[in-house]
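Dear colleague,

Please find below the structure I am handing over to you, together with its sequence. My findings follow directly after it.

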Amino acid sequence: MADTIFGKIIRRDIPADIVYEDEDVLAFRDLNPQAPVHVLFVPKRAIASLDEAQPGDAELLGKLLLAAAAYAREQGLAKDGYRTVINCNEHGGQTVFHLHVHLLAGRRMHWPPG
Ligand code: AMP
């Protein structure tokens, strides 16, 4: 797949406010936060979108969600709650085609989403 801004962040070609890293996942603060806490969880092995994910990606997708949940717990965000979002393709509002999980917290979320 084509390189993206997130690939550049993973390779440290451009800076980001990194808050978590392990072997498979990098997490950094969103440049344009939509909540008091807005962190992006990105797999180091790029998948363009959820629509492109394959059965062989199941473990990586699980790790991504569990990393977001663990971070929320460690940061004391889990009791009040938070939202995780994966935007997919045009109608989903995806703008960076390197799959990522948004973790939004620190305020009450609304439903339905915009
Ligand atoms: P999406 O629209 O779901 O593809 O989300 C892409 C997100 O990446 C948006 O919320 C952007 O604000 C965020 N973003 C774009 N470039 C950067 C960057 N260089 N560092 C951090 N976040 C970024």
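Two strands are taken to pair when DSSP finds at least two bridges between them. Strand 3 and strand 5 meet that condition, since they run antiparallel and are joined by five bridges. Within strand 5, Ala 105 is the residue that stands opposite Val 37. Please note that this is a predicted model, and the findings below should be read as a description of that model.

Overall architecture

The protein contains three helices and five strands. Read from the N terminus, its elements follow the order α-β-β-β-α-β-α-β. The radius of gyration is 14 Å, close to the 13 Å given by the globule rule for 114 residues, so the protein is as compact as a globular protein of that length. The C-alpha trace spans about 35 × 30 × 25 Å along its principal axes. Of the 114 residues, 37% are buried. When contacts between residues at least 6 apart in sequence are considered, 52% of them join residues at least 24 apart.

The five strands make up an open sheet with the order 1-2-3-5-4 and antiparallel pairing. Its edges are strand 1 (18-21) and strand 4 (82-85), each of which pairs on one side only. On average, neighbouring strands of the sheet are turned by 20° against each other, direction ignored.

How many bridges hold strand 4 and strand 5 in their antiparallel pairing? There are four bridges between strand 4 and strand 5, the latter covering residues 101-105. In this region Thr 84 stands opposite Leu 103 of strand 5. Helix 2 packs on the sheet and touches strand 1, strand 2, strand 3, strand 4 and strand 5; the direction of helix 2 makes about 155° with that of strand 3.

Aromatic pairs

One is formed by Phe 6 and Phe 28 in an edge-to-face arrangement, with 5.3 Å from centre to centre and 75° between the planes. Phe 6 belongs to helix 1 and Phe 28 to strand 2 (residues 25-29), so this pair ties together parts that are 22 residues apart in sequence. Phe 6 counts as buried because its relative accessibility is 6%, under the 20% cut-off. Phe 28 is likewise buried, as its relative accessible area is 3%.

The other pair consists of Phe 41 and Tyr 71, also edge-to-face, at 5.8 Å centre to centre with 65° between the planes. Here, too, distant parts of the chain are linked: Phe 41 lies in strand 3 (residues 37-43) and Tyr 71 in helix 2 (residues 58-74), 30 residues apart. Are these two residues, Phe 41 and Tyr 71, buried or exposed? Both Phe 41 and Tyr 71 are buried.

The segment before helix 1

Thr 4 is located in the segment that precedes helix 1 (5-10). Its relative accessibility is 13%, and Thr 4 therefore counts as buried. A polar atom of the Thr 4 side chain lies 3.1 Å from the backbone nitrogen of Phe 6, the residue that pairs with Phe 28. Leaving aside residues up to four places away in sequence, Thr 4 touches Val 96, Phe 97 and His 98.

The loop between strand 2 and strand 3

Pro 33 sits in the loop that connects strand 2 and strand 3. With a relative accessibility of 47%, Pro 33 counts as partly exposed, because that value falls between the 20% and 50% limits. Pro 33 and Asp 13 are 20 residues apart in sequence, and their C-alpha atoms are 22 Å apart in space.

With kind regards

Technical notes: Residues numbered from 1 in each chain as written. Predicted model: local features only at pLDDT ≥ 70, side-chain atom pairs only at ≥ 80, totals over all residues. Heavy atoms only, no water. Helix = DSSP H or I, 4+ residues; strand = E, 2+ residues; numbered from the N terminus. Buried < 20%, exposed > 50% of the residue type's maximum accessible area, 1.4 Å probe, protein only. Polar contact = N/O pair within 3.5 Å; in protein donor to acceptor, adjacent residues only side chain to side chain. Contact = heavy atoms within 4.5 Å. Phe/Tyr/Trp six-rings, centres within 6.5 Å; stacked < 30°, edge-to-face > 60°. Axes fitted to C-alpha atoms, helices over the stretch in contact; angles between N-to-C directions. Rg over C-alpha atoms; globule rule 2.2 N^0.38 Å.
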